[in-house]
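Please look over the sequence and the structure shown below before reading on. The briefing that follows groups its points by topic.

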Amino acid sequence: MSKQCKLILALDLPDKESALDMLKKLQGSLEWVKIGLQMYLKYGADFVRQVGEMGFKVFLDLKLYDIPNTVASAVKSLEGLPVSMLTIHTSGGAEMMKAALNAAKETNKEMQILGVTVLTSFDEDSMRATGFDRTLSEQVLKLAKLAEESGLSGLVCSPLEIELLRKNLKSEMDLITPGIRPAGSDSNEQKRIMTPSLAAKTGSSYIVVGRPILKAENPAEAAKAIIKELKDAK
Ligand SMILES: O=C(O)c1cc(=O)[nH]c(=O)n1[C@@H]1O[C@H](COP(=O)(O)O)[C@@H](O)[C@H]1O
């Protein structure tokens, strides 16, 4: 029996005031909040602390990609912050992933390092345009296996790749899936998408949802409806 799939809100908003206003509306409705580059670059560590103090678990989505030493130093810079998940790019290679893991072990044992595989905004054509000859699935699996061998316990991938990864990975890695759209909502630029219930049924550990909640008339109701969909998914 797999774990209950959880909702993570992608807090992609233009300023702190609207973000805090949104979080006040959502307190009690959800547990996890993802802070991405938009908010982090503008408001930094203080904002991360503030979100943690409001009682939310923080997923810091910085998608780090650099030489191993630089990534390790960046991870260490987060020491003391309430960060429960942090993203790095698996395409940075095994050495980079191991350096990030070691840095996390030294500074924040509670922080899970997640490896991003192939972004959900890619399709076969845009992948090929970057010079990769493999299919999208082949590339995702290659990166996922490298992440698993490097010791990572979680991956960010499209929900369309869950089955492939569950079948081919040796361990029960956490699969965090953005590119989620409740039935009838706008897909925006996301290309590899799925509904919350299907993602949960297929084996997603956490779904990441931004605009379908942020732009809803009643964000708390939208979040609750998604959580119900996840709980009802059989
Ligand atoms: O790492 C991510 O969270 C991520 C990876 C990916 O492949 N695709 C993707 O959309 N994301 C993030 O997931 C969120 C999706 O937001 P919405 O498209 O508004 O639901 C954004 O914050 C993206 O940065």
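Leaving aside residues up to four places away in sequence, leucine 155 touches Leu114, Gly115, Thr117, Ala144, Ala147, Leu165, Met173, Leu175 and Ile176, where contact requires that the two C-beta atoms, placed from the backbone, lie within 7 Å. This is a predicted model, in which local features need pLDDT of at least 70 and side-chain atom pairs count only at pLDDT 80 or more, while totals for chains, interfaces and linings use all residues. Residues are numbered from 1 along each chain as its sequence is written.

- The largest nonpolar core has 69 residues, and those with the most contacts inside it are Leu9, Ala100 and Leu155; such a core is a set of buried Ala, Val, Leu, Ile, Met, Phe, Trp, Tyr and Cys residues joined through C-beta atoms within 7 Å.
- Helix H4 gives the largest share of this core, seven residues.

**The barrel**

- Eight strands form a closed barrel in the order S1-S2-S3-S4-S5-S6-S7-S8, with parallel pairing (strands pair if DSSP finds at least two bridges between them; helices, H or I of at least four residues, and strands, E of at least two, are DSSP runs numbered from the N terminus).
- Neighbouring strands of this sheet are turned by 25° against each other on average, direction ignored (axes are lines fitted to C-alpha atoms, for helices over the stretch in contact, and angles run from 0 to 180 degrees between N-to-C directions).
- S1 pairs with strand S2 (residues 32–35) in the parallel sense over three bridges, and leucine 9 stands opposite valine 33 in S2.

**Phenylalanine 59**

- Phenylalanine 59, placed in strand S3, is buried, because 25 other C-beta atoms lie within 10 Å (a residue is buried with 20 or more other C-beta atoms within 10 Å of its own, exposed with 12 or fewer, and partly exposed in between, C-beta atoms being placed from the backbone).
- Not counting residues up to four places away in sequence, phenylalanine 59 touches Ile8, Trp32, Val33, Lys34, Ser84 and Met85.

**Helix H10**

- H10 (residues 219–232) lies across S1 and S8 and runs at about 150° to S1.
- The buried residues of H10 are Pro219, Ala222, Ala223, Ile226, Glu229 and Leu230.
- Seen down the axis of H10, these buried residues fall within an arc of 120°, so they line one face of the helix (the arc is that of the directions from the helix axis to the C-beta atoms).
- On the other side of H10, Lys228, Lys231 and Asp232 are exposed.

Methods:
Expected span 1.5 Å × (residues − 1).
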